[in-house]
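Open your viewer and get ready to click. This tour takes you from stop to stop, telling you what to select and what is there.

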Amino acid sequence: MSKKTGFVYHELFAWHDTGNWSLFLPPGFPIQPGMHVEHPETKRRFKNLLDASGFINELEIVEPIAATDEDILRFHTEKYFSTVKKMSDENGGDVGQLTQVGLGSFEIAKLSAGGVIEATKAVMAGDINNAYVLARPPGHHADADMGIGFCVFGNIVIAIKHAIANLGVQRVAVVDWDVHHGNGTETAFYDDPNVLTISAHQDNWFPPNRGFVSDIGSGDGEGFAINIPLPPGSGMGAYESAFDRIVSPALEGFKPDIIFIASGFDGSAFDPLGRMMMHSKGYASLTKKLMAAADRLCNGRLVMAHEGGYSPTYVPFCGLAVLEALSGKSSGVDDPFLEFAQGMAGQDLQPHQEELIAIVEKQISHLKGH
Ligand code: ZN
């Protein structure tokens, strides 16, 4: 039986060197040098669990190929492109806002973006149904002219623009479940009615003052940006309700040719950069909801690109659960942390979370009748 789920990873993704920052700030008194929270191990341990469990054998390996300059420049400015190259060639440094690159990061960032392009090509060609790209550096915060929040190049934006330019794709939906707002993707398509962006994130966290309910797109794109700023403490009940009442109906109304997911696992209960309570079973559940929509709307075409997620111990279990859902196969590995996350108070939908969801739900009525 053929494998239906593609998987993209490269050891070089782990060689992108974010240096001796502490948590997410550069060292210098009073911050002692430490280890950047966006360090390689979180992603590498995700890949390691796939290897150790043997689940990697259930996946179709798709090799990343570096994105071309043309691909990158469909989104990023020439000036930013050369800044990243220069810093990566010389001493490394911050290419924008809290986005450290090291020696050689330019080539790795091109490979990361190219991985999402290759996955998209394979899905569009029908070689695989869906794909997960364990991309690093991540992409969803990056703006056209600067890196933001550990994101060097906008991996998903670049893949979407490639798909529209070369693969006959016209309508694209992006669902971002990273705990932080998908500002880069939203900004890139804010005026564009052909790309629906939906971000479900922790209310006003990062970037500051982004992702409010009232941010709905502008010009021709008005109504084609959806923000679901969930209150801190949201668990599986809030996420499932937001997906059932907002994300799935919006996708149904919009009728995309392909769905991209910005997959951060920093909404997990064990994440140092989020205050949410998601867990592996929750992410698998959201994946199945998106797959159901994709099956109905676009032959199941779905491409996930990895974004944040900063618990080196827990991210692998969320990733494995999502890949099990995508492929419809079981690894036989149980998440040993699941019972602890599930047992936390407030996993069910809470009234103040329901209030927010109801407000956003009202805003998407135009899509339902699209
Ligand atoms: Zn994040």
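**Before you start.** This is a predicted model, where local features need pLDDT of at least 70, side-chain atom pairs count only at pLDDT 80 or more, and totals for chains, interfaces and linings use all residues. Residues are numbered from 1 along each chain as its sequence is written, and side-chain values use heavy atoms, without hydrogens or water.

Stop 1: Rolling a probe the size of a water molecule over the atoms shows where empty space is left. A cavity is a set of points, on a 1 Å grid over the protein atoms alone, where a 1.4 Å probe fits but cannot get out; lining residues have an atom within 4 Å of a point. Volume is the space filled by probe spheres set on the points, which are joined across faces, edges and corners. Two cavities of 30 Å³ or more are present. Select Val174, Asp176, Gly182, Thr185, Glu186, Thr197, Ile198 and Ser199 to see its lining.

Now colour by element: helices (H or I, at least four residues) and strands (E, at least two) are DSSP runs, numbered from the N terminus. Which element gives the largest share of this lining? It is S9, with three residues. Strand S8 (172–176), helix H6 (183–188) and strand S9 (195–202) each supply at least two.

**Stop 2: the second largest cavity.** This one holds about 30 Å³. Select Gly139, His140, Gly154, Asn155, Ile156, Val157, Gly184, Thr185 and Glu307. Helix H5 (155–166) and H6 each give two or more residues to this lining. H5 gives the most, three residues.

**Stop 3: two cis bonds.** Most residues other than glycine have a negative phi, and most peptide bonds are trans. Go to Phe29 and Pro30: the peptide bond between them is cis, with omega near 10°. Pro30 sits in the loop between strand S1 (5–8) and helix H1 (41–53). Next, select Phe206 and Pro207, also joined by a cis bond, with omega about -15°. Pro207 lies in the loop between S9 and strand S10 (225–230).

**Stop 4: two positive phi values.** Leu23 is not a glycine, yet its phi is positive, about 50°. Find Leu23 in the loop between S1 and H1. Finish at Asn209, with phi near 60°. Asn209 is in the loop between S9 and S10.

Technical notes. 1 Å grid on protein atoms, 1.4 Å probe; cavity = no way out; pocket = protein on both sides within 12 Å on 5 of 7 lines; lining within 4 Å.
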